[in-house]
Amino acid sequence: MRAAVLHETGQDKLEVLDDVEAVGFGPGRVRIRVRATGLCHSDLSAMSGVLPQPVPFVPGHEGAGEIVEVGEGVSHLKPGDRVVVCWLPACGACPACKRGQTELCLAGFMNAGTPNFKRPGGDVFGFAGTGTFAEEVVVDAGCAVPMPEDVPFDIAALIGCGVTTGLGAAINTAAVEAGSSVAVIGCGGVGISAIQGARLQGAAEIVAVDPVLSRREAALRFGATKAVSPEELPGAKQEITAGEGFDYVFEVVGKSATARTAYENTRRGGTLVIVGAGAMDDFLQLNMFELFFDEKRILPSLYGGGDVLRSYERTIALWRAGRVDLAGLITHRVPLAEINEALDQMRTGSALRTCVEL
């Protein structure tokens with residue numbers, strides 16, 4: 001089958017090969033025919049080495065498709081079922097799951113070090129234990145979440161990561177209060193979803209911050225009340241909050257520099273939400289006086305900061321009701337053969353989300 005493979009960390013191009021085989025099928029596992037997959041910035045981060053990932057590997061973790069085969073002991077799925085790939089499934093038994101913090105379950109990460117694919121030359125891993133830039137993938141049954149028939153594959157794929165992450169950051173993690181002021185730094189697919197979440201929560205002012213003009217224009221269509229470049233943020237802070245700072249600031253870039261900017265633009269007693277996935281050697285500096293004196297809450301948000309399955313269901317309900325725009329997030333569509341063009345679109349910021357159709 002065909003799959004896009006990164007051979008070495010730091011390479012900026014994927015090689016589309018037709019000699020890749022999905023492996024690991026057996027009890028408790030399912031084989032999925034991938035129909036659509038989104039390109040998330042985390043894929044680029046894994047390719048560059050910002051996020052740890054063994055190589056060679058097949059990127060992609062935001063996917064949807066159909067069940068081809070189910071292993072022994074899998075009773076809730078059958079061939080032909082439409083599913084979204086959940087890269088962070090909950091085991092239901094670990095301390096985090098028992099506390100109700102299922103997004104912190106580490107069971108899914110245990111699969112990241114086991115090869116999901118193989119080629120004549122050796123093993124190939126799947127990003128985050130999945131690897132959806134492939135025509136087929138084998139995963140634990142818990143990673144395959146049934147999707148209703150009326151949810152198209154491309155929409156389901158977005159729900160699998162970016163939309164859930166962004167909406168959840170605003171709704172679950174921050175619990176944005178109605179009438180509040182919000183700034184979102186980084187307005188790709190996840191940032192736009194955070195903007196939609198803040199709008200749903202009733203935020204009065206939502207400022208989108210991004211260096212790319214097309215993304216700022218898009219943010220206004222999705223619910224931002226103002227869109228500025230990073231250089232214009234101080235002026236927006238002065239205009240909207242009289243210099244005090246925003247009630248909530250979302251950092252959706254994953255860099256210490258933007259996190260520091262986000263902190264400085266959060267009002268005293270306000271909330272900074274870290275959504276971007278950054279590098280282990282990129283350190284955010286805060287002095288102990290400001291940390292104590294300003295009483296700002298710093299809240300990391302992993303995968304939307306809540307129960308993933310409930311978040312999926314909520315997103316579908318909001319989408320059906322026309323309360324969130326998911327189709328509009330997909331600005332580009334490419335076949336797998338053109339995956340490197342999609343990577344370039346993500347790097348330049350010209351795409352909010354690119355859907356790879358298989």
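**View 1. Ala 141 lies in the loop between strand E10 (136-140) and strand E11 (144-146).** Helices (H or I, at least four residues) and strands (E, at least two) are DSSP runs, numbered from the N terminus. The model is predicted: local features need pLDDT of at least 70 and side-chain atom pairs count only at pLDDT 80 or more, while totals for chains, interfaces and linings use all residues. Residues are numbered from 1 along each chain as its sequence is written, and side-chain values use heavy atoms, with hydrogens and water left out. Ala 141 counts as buried because its relative accessibility is 7%; buried means under 20% relative accessible area, exposed over 50%, partly exposed in between (1.4 Å probe, protein chains only). Leaving aside neighbours within four places in sequence, Ala 141 is in contact (heavy atoms within 4.5 Å) with Gly 28, Arg 29, Val 30, Val 74, His 76 and Leu 77. Gly 73 is 68 residues from Ala 141 in sequence, and the two C-alpha atoms are 9.5 Å apart.

**View 2. The largest nonpolar core has 100 residues.** A nonpolar core is a set of buried Ala, Val, Leu, Ile, Met, Phe, Trp, Tyr and Cys residues joined through side-chain atoms within 4.5 Å. Val 30, Ile 32, Val 182, Ile 195, Phe 250 and Tyr 312 have the most contacts inside this core. Apart from it lies another core of twelve residues, including Ala 183, Val 249, Ala 262 and Leu 272.

**View 3. Helix H6 (residues 213-221) has Arg 215, Arg 216, Ala 218 and Ala 219 as its buried residues.** These residues are on the same side of H6, because they cover an arc of only 160° around the axis; the arc is that of the directions from the helix axis to the C-beta atoms. The buried residues of H6 pack against helix H5 (189-201), strand E13 (205-209), strand E14 (226-228) and helix H11 (339-348). Gly 223, which follows H6, has a positive phi, near 130°.

**View 4. Six strands form an open sheet with parallel pairing, in the order E14-E13-E12-E15-E16-E17.** E14 and strand E17 (297-300) stand at the edges with a single partner strand each, so one side of each has no neighbour in the sheet. From one strand to the next the twist averages 20°, where axes are lines fitted to C-alpha atoms, for helices over the stretch in contact, and angles run from 0 to 180 degrees between N-to-C directions.

**View 5. Strand E12 (residues 181-185) pairs with strand E15 (residues 246-251) in the parallel sense over four bridges.** Two strands pair if DSSP finds at least two bridges between them. Val 182 stands opposite Tyr 248 in E15.
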